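Please look through the model below before reading on. The numbered points that follow take up its aromatic rings and its sheet.

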Amino acid sequence: MVADVQKCPGLGGLMPKATPQVSLVIPAWNEAELLGRTLDNLRQACDGLSASYEIIVVDNDSDDDTPDIARAAGAVVVHEPVRRIARARNAGAKVARGHWLIFVDADTWPSRALLRASLDALASGEVCAGGARLEFDHLEYGFYRLGSRFWNGLSLRLGLVAGCYVFCTREAFQAVGGFSEKVYAGEEVFLSRRLKGWGRRRGQRFYVLPEPTVRTSGRKAQWFSPWQHFLVTATVLLVPFALRSRRLTWFWYRRPTQKP
């Protein structure tokens, strides 16, 4: 940590004396099972980085111990009552104080090497935003592994990022209006396109890091069947307007024991 920071959220709960350089924003709805692991991973990954940082957890109206776990870990906790992923991420960005923003899902565990590569890219002045290729855990079926490889290839070729890990400058994020709150899912794709255009006009790149990958949970492969994944993919591709429907984007808001 830099000298002007005593301790930061995730390292004991004391607020930095100076404005942090990096704000890590985690949207979380009923993530009591995994949030502790995620915060601990971020703490360890951030140890040794030259940049000061803060961790912000956006409680998206959880009815479990999510906010308590976040506070106990020393994170800044923000409550967003409207359950929409884009709203949760934007709510975290509004209170973030860092010059650089990194959005991390509650079931995603970036390594120190990935964080360093992301910050190096932003510090170069040549990159305004980006993400990383995905590495899922516990993908048992070849169908899912094939889908993962397809997405990673598409991500690198088209410059699109998955919402579980997005980094950008505050200036770029604010200039494009943040994540679109018109949709219930896929907001990271719309953000990618806007950031790419914004950066191009200023001689900056939108950069998907080929390495290191970001490790994220493959739990939806356990929660939902292959035919449900296929149905959701087909719906989004054939009827993009479905992303504006809370009911048709149930896949992003439902847990196995809950109804759409």
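1. In this predicted model, the count of aromatic pairs comes to seven. One of them joins Phe103 and Phe179: the ring centres are 5.0 Å apart and the planes stand at 90 degrees, so the pair is edge-to-face. Phe103 belongs to strand β4 (residues 100–104) and Phe179 to the loop between α6 (170–175) and α7, so the pair ties together parts that are 76 residues apart in sequence. Both Phe103 and Phe179 are buried.

2. Tyr184 and Tyr253 make another edge-to-face pair, because their planes are at 80 degrees, with the ring centres 6.1 Å apart. This pair also links distant parts of the chain: Tyr184 is in the loop between α6 and α7, Tyr253 in the segment after α9 (226–238), and 69 residues separate them. Tyr184 counts as buried at 15% relative accessibility; Tyr253 is buried at 5%.

3. Phe103 and Phe179 form one aromatic cluster together with Phe173. The charged end of Arg89 sits over the ring of Phe179, 5.4 Å from its centre. Likewise, the charged end of Arg83 sits over the ring of Trp29, 3.6 Å from its centre.

4. The open sheet has eight strands in the order β3-β2-β1-β4-β7-β6-β8-β5, with mixed pairing. Its edge strands, β3 (76–79) and β5 (108–109), each pair on one side only. β5 pairs with β8 (residues 205–217) in the antiparallel sense over two bridges; Thr108 has Thr216 in β8 as its bridge partner. Helix α7 (residues 187–200) packs on the sheet and touches β6 (127–137), β7 (165–169) and β8. The direction of α7 makes about 150 degrees with that of β6.

Note on methods
Residues numbered from 1 in each chain as written. Predicted model: local features only at pLDDT ≥ 70, side-chain atom pairs only at ≥ 80, totals over all residues. Heavy atoms only, no water. Pairing = 2+ DSSP bridges. Helix = DSSP H or I, 4+ residues; strand = E, 2+ residues; numbered from the N terminus. Contact = heavy atoms within 4.5 Å. Axes fitted to C-alpha atoms, helices over the stretch in contact; angles between N-to-C directions. Phe/Tyr/Trp six-rings, centres within 6.5 Å; stacked < 30°, edge-to-face > 60°. Buried < 20%, exposed > 50% of the residue type's maximum accessible area, 1.4 Å probe, protein only. Lys NZ or Arg CZ within 6 Å of the ring centre and 35° of its normal.
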